[in-house]
Amino acid sequence: MRLSIILITWNGKRFLSLCLRSLGFLLSQPDAEIIVVDNGSSDGTTEYMREHYPDIHLIELGYNRGVAYARNRALERAKGDYLWILDNDTEPTEETARGMMEYMDAHPEVGIAGCRLVDADGLVQESCKPYPGIGEKVRSLLHRHGYRYAYGIERMQHRFEPEYLIGACQMIRREAYEKAGELDEKIFYGPEDADFCLRVRAAGYHLVYLPEYTIRHHCQRITRRKLLSPMALKHIHGLLHLYIKYKRFF
């Protein structure tokens, strides 16, 4: 199988329905599969999936086990040569899917590819970032409005290798995933994407940001809503775990 799409959701039926509709071009493809992991939604997500998408592989976890745990349950079942992790609030296109795979076919040294993400207003998001050290997180928190563009918006108009690609869109080469290993389940919500990218690079692969391909991303930024919410505290715990794991705080 050529491509596995991996989506996780938690009370996100509205966005998930848009995402699955945008992935309709894959539903009849014999060399592609979509795996949806539900993290214990109470908004009717699983009923919606069974009624409208009975042929899509659905994994029900019962309660929210976190991003890394949920994605791992899909990754361990995925059969594709490319494992495309997407947030449930993205709207991928056929052009982006085919273009990214063709790029990776031609560049076997690349372990993970990401693309240009834009919000509902068409503004470019920060889909590639530096290491999420304390300095970076403080600067992001102080930048309360809009996007900070740590790498600079000019640089994001061209291909380059960032330190990590956010988990909203990561197209992963199977061999890179097998060498790097599964996502770190000690990180409930962020920065499991940064940790995984660091391990893929340590395994000898490169990352690439491909701005010529675009996906709409209705980013919900749940850790920015309330800085001391339960989800924000889980994010902070994940950051501390990352800093201790790599002995790198900045």
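Colleague: What share of the 250 residues counts as buried?

Modeller: Buried residues make up 56% of the 250. Keep in mind that this is a predicted model.

Colleague: Okay. And why would you call its overall size in line with a compact globule?

Modeller: Because a compact globule with 250 residues would have a radius of gyration near 18 Å, and the protein has 17 Å, which agrees. Along the principal axes, the C-alpha atoms fill a box of roughly 45 × 40 × 35 Å.

Colleague: How many helices and strands are there?

Modeller: Eight helices and 10 strands. As for contacts with a separation of 6 or more, 77% of them are between residues 24 or more positions apart.

Colleague: What about the surface, how much of it belongs to carbon and sulfur atoms?

Modeller: That's 52% of an accessible surface of about 11,700 Å².

Colleague: Let's zoom in on α8. How far apart are its end C-alpha atoms?

Modeller: They're 25 Å apart. Helix α8 covers residues 230-246, so at 1.5 Å a residue its 17 residues should span 24 Å, and the two values agree.

Colleague: Which of its residues are buried?

Modeller: Met231, Ala232, His235, Gly238, Leu239, His241, Leu242 and Tyr243. An α-helix has 3.6 residues a turn, so residues three or four places apart point the same way. You can look for that spacing in the list.

Colleague: What do those buried residues pack against?

Modeller: Two other helices: α5 (134-142) and α7 (192-202). Just after α8 comes Lys247, with a positive phi of about 50 degrees.

Colleague: Now α4. What span should it have?

Modeller: At 1.5 Å a residue, the 13 residues of α4 (residues 94-106) should span 18 Å, and the end C-alpha atoms are 18 Å apart, so that agrees.

Colleague: And what do its buried residues pack against?

Modeller: Strands: β1 (3-9), β4 (82-87), β6 (110-118), β9 (169-173) and β10 (206-217). The buried residues of α4 include Thr96, Ala97, Gly99 and Tyr103, along with Met100, Met101 and Met104.

Colleague: Switching topic: is Leu18 buried or partly exposed?

Modeller: Leu18 has 25% relative accessibility, so it counts as partly exposed. The cut-off for buried is under 20%. You'll find Leu18 in helix α1 (residues 13-22).

Colleague: Which residues does Leu18 touch, leaving out those up to four places away in sequence?

Modeller: Glu91 and His218. Also, Pro92 is 74 residues from Leu18 in sequence, but their C-alpha atoms are 9.8 Å apart in space.

Colleague: Where do Asn11 and Tyr149 lie?

Modeller: Asn11 is in the loop between β1 and α1, and its 36% relative accessibility makes it partly exposed. Tyr149 is in the loop between α5 and β8 (164-165).

Colleague: And which peptide bond is cis?

Modeller: The one from Gly190 to Pro191, with omega near 5 degrees. Pro191 is in the loop between α6 (174-180) and α7.

Methods. Residues numbered from 1 in each chain as written. Predicted model: local features only at pLDDT ≥ 70, side-chain atom pairs only at ≥ 80, totals over all residues. Heavy atoms only, no water. Helix = DSSP H or I, 4+ residues; strand = E, 2+ residues; numbered from the N terminus. Expected span 1.5 Å × (residues − 1). Buried < 20%, exposed > 50% of the residue type's maximum accessible area, 1.4 Å probe, protein only. Contact = heavy atoms within 4.5 Å. Rg over C-alpha atoms; globule rule 2.2 N^0.38 Å. Areas by Shrake-Rupley, 256 points an atom, 1.4 Å probe, with all protein chains shown as cover.
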